[in-house]
Amino acid sequence: MSTWRFCPLCGAGLEMRAVGGLPRRHCRADCGFVHWDNPVPVLAALVEYREQIVLARNHAWTAGAFGLITGFLERDEAPAAGVAREVKEELGLDATAATLIGVYPFARKHEVIIAYHVLADGEIRLNEELAEFRLIAPEKLKAWDFGAGLAVSDWLARRGVG
């Protein structure tokens with residue numbers, strides 16, 4: 001839950017009140033502000049490149065920890081366009097197709113993940129966020145049981161793997 005203490009509209013303190021059937025931070029001065037504290041939309045790309053899957057490691061992650069390409073959905077951006085943008089920004093690749101895999105709650109990070117299978121072309125050039133990448137044959141790809149790993153599991157199941 002959010003740690004907001006003051007109303008960004010009028011500066012009054014916030015208090016918990018039931019709004020819409022859930023406890024939410026509401027302005028004590030009743031200026032109308034409610035902090036809805038909704039989850040943040042995150043895009044995930046299961047990138048298929050030259051018939052292999054790209055997994056990447058963020059600099060902040062421990063050695064050996066790899067995942068899908070992810071990033072935040074921007075304001076006024078269609079999710080399919082946003083996932084193509086993330087693939088371009090993080091890998092330097094051009095998305096040639098993006099197909100929705102599914103939408104997954106990720107309560108631990110207060111996010112909702114919108115996952116796509118992305119076909120991509122070009123030459124991989126990692127941006128400053130990423131430390132390294134691996135190319136994995138689709139039949140050797142293993143899902144993990146949280147976050148974007150749920151999308152990997154669904155994608156593999158649709159391919160008849162796992």
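This is a predicted model: local features need pLDDT of at least 70, side-chain atom pairs count only at pLDDT 80 or more; totals for chains, interfaces and linings use all residues.
Local features were taken only at pLDDT of at least 70 and side-chain atom pairs only at pLDDT 80 or more, whereas totals for chains, interfaces and linings use all residues. Residues are numbered from 1 along each chain as its sequence is written, and side-chain values use heavy atoms, with hydrogens and water left out.

A disulfide is a covalent bond between the sulfur atoms of two cysteines. With a disulfide defined as a pair of cysteine sulfur atoms within 2.5 Å, the count in the model is zero. Cys-10 takes part in no disulfide, the nearest cysteine sulfur being that of Cys-27 at 3.5 Å. For Cys-27, in turn, the closest cysteine sulfur is that of Cys-10, and the separation of 3.5 Å is too far for a bond. Accessibility was classified by relative accessible area (buried, under 20%; exposed, over 50%; partly exposed, in between; 1.4 Å probe, protein chains only). Cys-10 is partly exposed, with a value of 43%, while Cys-27 is buried at 0%.

Secondary structure was assigned from DSSP runs numbered from the N terminus, with helices (H or I) requiring at least four residues and strands (E) at least two. Strand S4 spans residues 40-49; eight of its ten residues are buried, so the strand is largely enclosed by the rest of the structure. Two strands are said to pair if DSSP finds at least two bridges between them. S4 runs parallel to strand S8 (residues 111-121), to which ten bridges join it; within this pairing, Leu-46 lies opposite His-117 of S8. The pairing of S4 with strand S6 (residues 69-72) is antiparallel and comprises four bridges, and Ala-45 has Ile-69 of S6 as its bridge partner. Strand S5 (residues 52-58) is also paired with S4 in the antiparallel sense, through three bridges, with Tyr-49 bridged to Gln-52 of S5. The hairpin formed by S4 and S5 has two residues between the strands, and Arg-50 there adopts a positive phi near 50 degrees.

Trp-4 belongs to the segment before strand S1 (14-19). Its relative accessibility of 38% places Trp-4 in the partly exposed class. When neighbours within four places in sequence are set aside, Trp-4 is in contact (heavy atoms within 4.5 Å) with Leu-14, Arg-25, Phe-33 and His-35. Of these residues, Arg-25 is 21 residues from Trp-4 in sequence, with a C-alpha to C-alpha distance of 7.9 Å.
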